[in-house]
Amino acid sequence: MKPDIHPNYRQVVFQDLSSEFAFLTRSTIATKETVKWEDGNEYPLVKVDISSHSHPFYTGKQKTIDAGGRVDKFRRRYAQK
């Protein structure tokens, strides 16, 4: 392999802004912010709007849409007269 063509693969902290949940993992993402982690070391910080900690699909708080009621409402509103 050619040297110096691969991105820097390093430890990065991802922080969920909606729930203040954070986790440490490895990534090549570039960021200018840093944060002090639980182990006392400083790592690059990536802020995300939603993660598995706050997404409705993973938390079990997913809302189901009443599709049948919406279709009937549409048909009543735009029915031929």
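1. Burial and surface. Of the 81 residues in the protein chain of this predicted model, 15% count as buried. The accessible surface comes to about 7200 Å². Carbon and sulfur atoms account for 52% of that surface.

2. Fold layout. The protein chain has two helices and four strands. Along the sequence the pattern reads β-β-β-β-α-α. Take the contacts between residues at least 6 apart in sequence: 34% of them join residues at least 24 apart.

3. Aromatic pairs. The structure holds three aromatic pairs. Phe 14 and Phe 23 make a stacked one, with 5.7 Å centre to centre and 15° between the planes. The label is stacked because the planes are under 30 degrees apart. Phe 21 and Phe 23 also pair, but this pair is tilted. Here the centres are 5.9 Å apart and the planes 35°. A pair of aromatic rings is described by the distance of the centres and the angle of the planes.

4. The cluster. Which residues form one aromatic cluster? Phe 14, Phe 21 and Phe 23 do. Phe 14 has 15% relative accessibility, so it counts as buried. Phe 23 is partly exposed because its relative accessibility is 31%. Phe 21 has a relative accessible area of 28%, and so is partly exposed.

5. Ala 22. Ala 22 lies in strand 2. Its relative accessibility is 26%, so Ala 22 counts as partly exposed. Leaving out residues up to four places away in sequence, Ala 22 touches Val 13, Phe 14, Gln 15 and Trp 37. Ala 22 and Ser 51 are 29 residues apart in sequence, yet their C-alpha atoms are 9.3 Å apart in space.

6. Asp 16, a point to check by eye. Asp 16 belongs to strand 1, residues 10-16. Is Asp 16 buried or exposed? Asp 16 is buried, and has no salt bridge. The nearest side chain of opposite charge is that of Lys 47, 12 Å away. A salt bridge needs the nitrogen and the carboxyl oxygen within 4 Å, so Lys 47 does not qualify as a partner here.

7. What surrounds Asp 16. Its side chain does have a polar contact with the side chain of Ser 18, at 2.8 Å. Beyond four places in sequence, the contacts of Asp 16 are Phe 21, Val 48, Asp 49, Ile 50, Ser 51, His 53 and Ser 54. Another, Ser 51, is the residue whose C-alpha is 9.3 Å from that of Ala 22.

8. The salt bridge. How many salt bridges are there? The count comes to one salt bridge. Glu 33 and Lys 47 form it, with the closest N and O atoms 3.3 Å apart. The pair links distant parts of the chain, 14 residues apart. Glu 33 is in the loop between strand 2 (22-27) and strand 3 (34-36). Lys 47 is in strand 4, residues 42-48. Side chains of opposite charge can pair when their charged atoms come close.

9. Exposure of the pair. Glu 33 has 39% relative accessibility and therefore counts as partly exposed. Lys 47, at 43% relative accessibility, counts as partly exposed.

10. Positive phi at Asp 4. Most residues other than glycine have a negative phi, and most peptide bonds are trans. Asp 4 is not a glycine, yet has a positive phi of about 65°. Asp 4 is placed in the segment before strand 1. With a relative accessible area of 81%, Asp 4 is exposed.

11. Positive phi at Glu 20. Glu 20 is not a glycine either, and its phi is positive at about 60°. Where does Glu 20 lie? Glu 20 is in the loop between strand 1 and strand 2. Its relative accessibility is 56%, so Glu 20 counts as exposed.

Methods. Residues numbered from 1 in each chain as written. Predicted model: local features only at pLDDT ≥ 70, side-chain atom pairs only at ≥ 80, totals over all residues. Heavy atoms only, no water. Phe/Tyr/Trp six-rings, centres within 6.5 Å; stacked < 30°, edge-to-face > 60°. Buried < 20%, exposed > 50% of the residue type's maximum accessible area, 1.4 Å probe, protein only. Lys, Arg positive; Asp, Glu negative; His and termini not counted. Polar contact = N/O pair within 3.5 Å; in protein donor to acceptor, adjacent residues only side chain to side chain. Contact = heavy atoms within 4.5 Å. Areas by Shrake-Rupley, 256 points an atom, 1.4 Å probe, with all protein chains shown as cover.
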